[in-house]
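Biologist: Can you walk me through this one, and tell me how each label gets decided?

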Amino acid sequence: MSAQDKIQKTISEHDVVLYMKGNPKFPQCGFSSLATKILEACDTDFYTVDVLQDSEVRDGIKIFANWPTIPQLYIHGEFVGGADIMKEMYENGELVKLLKANS
Amino acid sequence: MTADDIKQSIVEKLECELVNILGEDGTHFEGTIVSRLFEGLNRVKQHQMVYSALGDKMKSEIHALSMKTYTPSEWEQLKN
């Protein structure tokens, strides 16, 4: 399976997916850490993919959403944004609304 | 890579009202970008425009660019 197919499969199988460096317990980057904290604060279940464990996905995810950085959040198969956008949407209440609308 | 290099690359490719880039360590930067080209676009598309202006630099030299993008009217509101 190509990296693009693999990503498509993952984001269709899980409602909320965060591509990150490390995992929520041991994030390997400050931005990934911030992203998991935001999702935890939204009190939502989420599935994470550690891109450091799969170099094809690490490169592939940047092409998938035409987005050069990690973390990346997907809700119901749609790319929502990186850490900056997650933070802004959390602060203005849009993220919780989006998560609730999709739960 | 300095904050000024990043600013230069952005303004060369993207017509902006304001570009402010901060960052001392050569790989992590913070920026504020105001452009009328952002009108009618969501945040993802706005950030993609900035990333695309930076092109290959985003892949190699810049580890992280934390950014805030605004349309001129959003920026005016924020200042007041």
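**Labels and what backs them**

Modeller: Let's start with D43(A), found in the loop between α2 (30-41) and β2 (47-50) of chain A. Those element names are DSSP runs numbered from the N terminus: helices are H or I with at least four residues, strands are E with at least two. This is a predicted model, in which local features need pLDDT of at least 70 and side-chain atom pairs count only at pLDDT 80 or more, while totals for chains, interfaces and linings use all residues. Residues are numbered from 1 along each chain as its sequence is written, with chains lettered from A and ligands numbered from 1 in the order in which they are written.

Biologist: Why does D43(A) count as exposed?

Modeller: D43(A) has 9 C-beta neighbours inside 10 Å.

Biologist: What makes N66(A) exposed?

Modeller: N66(A) has 12 other C-beta atoms within 10 Å, so it is exposed too. It sits in the loop between α3 and β3 of chain A, and its phi of about 50° is positive although it is not a glycine. Most residues other than glycine have a negative phi, and most peptide bonds are trans. The bond from I70(A) to P71(A), however, is cis, with omega near 15°.

Biologist: How do you know that α2(A) and α4(A) are roughly parallel?

Modeller: α2(A) packs against α4 (residues 83-91) of chain A at about 30°, with the axes 9 Å apart. Axes are lines fitted to C-alpha atoms, for helices over the stretch in contact, and angles run from 0 to 180 degrees between N-to-C directions. Under 35 degrees is roughly parallel, over 145 roughly antiparallel, 65 to 115 roughly perpendicular, and the rest oblique. Therefore the two helices are roughly parallel.

Biologist: Which strands are the edge strands of the sheet, and what makes them so?

Modeller: The sheet is open, with four strands in the order β2-β1-β3-β4 (chain A) and mixed pairing. Its edge strands are β2 and β4 (78-81) of chain A, as each pairs on one side only. Two strands pair if DSSP finds at least two bridges between them.

Biologist: How many bridges join β1(A) to β3(A)?

Modeller: Four bridges join β1 (residues 16-20) of chain A to β3(A), and the two run antiparallel. Among them, V16(A) has I75(A) as its bridge partner in β3(A).

Technical notes:
Buried ≥ 20, exposed ≤ 12 C-beta atoms within 10 Å, placed from the backbone.
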